[in-house]
Amino acid sequence: MAARILHRLRHALGAEGAREERAHDGGEAEDCPESSELEDDTEGLSTRLSGTLSFASHEDEDGDEDEEDGAGEEPGEPTEPTGEAAGAEDGEWDAAAKPPGGSLLTRQLQELWRKSRSSLAPQRLLFEVTSASVVSERSSKYVVSLQLYTIYLIRSGQFDKAPATIARRYSDFERLNRRLRSRFGCDMAGIAFPRKRLRRNFTAETIAKRSRAFEQFLSHLHSIAEIRRSPEFLEFFFLQDLRAAQRLTCTGMYREALATWANACRLQERLGVCGSGRFLLTLAGLAVCHQELDQLGEAHGCCEQALQLLEAQDSHPLLGPFLQAHVHLAWKVGKDKRRSEARLQGLQEAGLPLQQQPSLKECLIKEPLE
């Protein structure tokens with residue numbers, strides 16, 4: 001506003017000087033109308049631009065307009081610009097001083113960001129067939145070609161950096177469909193299943209149609225609560241991985257077993273069965289493989305996760321082995337082990353013979369996976 005006042009004062013003084021010159025010359029002609037229109041337009045343009053460059057709030061503008069009216073009556077001495085306006089006129093602007101409009105917009109954006117972080121996006125499990133490959137399998141004296149479908153389980157609503165995967169044949173899907181229809185006949189009545197074909201099974205068109213059909217089939221099954229919690233549906237996804245991981249662990253192939261245990265863990269997390277006995281067995285397999293590979297910190301973390309799930313289950317057969325493994329690993333990595341020692345003491349006082357308890361690896365090897 002101070003810049004506007006100075007501009008008008010300079011214009012008024014210039015106009016008075018021009019009138020005195022015209023009175024002194026006397027016989028000079030009038031200024032041409034084009035120059036006066038140009039002068040007026042320049043004044044209007046300057047006024048509009050000065051209005052857009054105001055750094056004050058609306059209340060400050062009202063106060064400045066009152067001062068401007070008073071300055072128009074007594075234009076003898078221009079007022080000094082103060083505060084932010086003076087800094088703006090001199091070309092200097094304090095970065096810490098923010099306009100109220102900008103700070104209001106910043107507060108609104110911050111509030112929206114906080115609300116978006118506190119509100120959870122709805123998550124949904126997606127089944128996506130990413131590839132299909134032909135594998136050969138020897139049956140008696142014949143070699144049979146089979147189609148193997150790779151399926152990704154992806155959680156929507158968030159970034160899934162490590163999706164779980166399975167590889168299943170058409171016969172596996174057919175077995176699942178048959179078992180579910182025998183148990184959930186009414187719920188399965190409206191769910192379609194791709195038919196078997198005698199010819200042209202390996203064409204690109206057939207593979208693409210079957211892939212989309214399997215995606216829809218699994219999505220329909222997962223949308224029914226009774227089916228997605230059934231053992232038939234769950235074991236279709238991770239029982240094969242558990243058996244393979246157990247077999248690899250028994251043969252001492254710990255690195256290969258670790259990858260299989262980890263995929264089985266991700267599958268159970270996606271399917272929402274992290275409190276089941278199968279998940280505790282998976283954590284035991286992860287802990288054993290990490291320990292055998294000298295990854296003691298990861299093994300300790302698996303034992304801690306298992307003990308949190310066993311917090312209220314004092315009679316579970318895996319509680320004693322997990323406590324003993326946790327105490328040993330905590331001593332190795334320098335973590336607190338007093339709580340696990342206290343729980344072991346409580347189990348011993350309750351009559352549990354700790355000396356006869358099998359180790360975590362022995363429990364893992366002896367566990368039947370049917």
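**Helix packing and aromatic pairs in the predicted model**

The crossing of helices α9 and α11 is left-handed, a term applied when the near helix is turned anticlockwise from the far one by less than a right angle, with right-handed used if clockwise. The structure is a predicted model, in which local features need pLDDT of at least 70, side-chain atom pairs count only at pLDDT 80 or more, and totals for chains, interfaces and linings use all residues. Residues are numbered from 1 along each chain as its sequence is written, and side-chain values use heavy atoms, with hydrogens and water left out. Helices are DSSP runs (H or I, at least four residues) numbered from the N terminus.

Two packed helices are described by the angle between their axes and the distance between the axes. Here axes are lines fitted to C-alpha atoms over the stretch in contact, with angles running from 0 to 180 degrees between N-to-C directions. For α9 (residues 231-250) and α11 (residues 277-292), the axes come within 11 Å and cross at roughly 35°. Contact (heavy atoms within 4.5 Å) is made by E235, F238, L239, L242 and T249 of α9 and by R278, T282, V288 and C289 of α11. These residues comprise five nonpolar, two polar and two charged, where Ala, Val, Leu, Ile, Met, Phe, Trp, Tyr, Cys and Pro count as nonpolar, Asp, Glu, Lys and Arg as charged, and the others, Gly among them, as polar.

Just after α13, G334 takes a positive phi of about 75°.

The axes of α13 and α14 are 9 Å apart and the helices pack at an angle of about 145°; this crossing, too, is left-handed. The contact involves L319, G320, L323, Q324, H326 and V327 of α13, together with S340, E341, R343, L344 and L347 of α14. By class, five of the residues are nonpolar, four polar and two charged. S340 lies in α14 (residues 338-349) and is buried, with a relative accessible area of 6%. Apart from residues up to four places away in sequence, S340 touches L307, L323, H326 and V327.

Aromatic pairs number 10, a pair being rings of Phe, Tyr and Trp (its six-membered ring) with centres within 6.5 Å; planes under 30 degrees apart count as stacked, over 60 as edge-to-face and the rest as tilted. The pair of Y170 and F214 is tilted, because the ring centres are 6.0 Å apart and the planes stand at 50°. This pair links distant parts of the chain, with Y170 in α6 (residues 170-183) and F214 in α7 (residues 204-222), 44 residues apart. Y170 is buried at 9% relative accessibility, and F214 is buried at 0%. F193 and F217 form an edge-to-face pair, since their ring centres are 5.1 Å apart and their planes lie at 70°. F193 belongs to the loop between α6 and α7, whereas F217 is in α7, 24 residues apart. Both F193 and F217 are buried. One aromatic cluster is formed by F127, Y149, Y170, F173, F193, F214, F217, F233, F236 and F237.

How values were computed: Helices (H or I, at least four residues) and strands (E, at least two) are DSSP runs, numbered from the N terminus. Buried means under 20% relative accessible area, exposed over 50%, partly exposed in between (1.4 Å probe, protein chains only).
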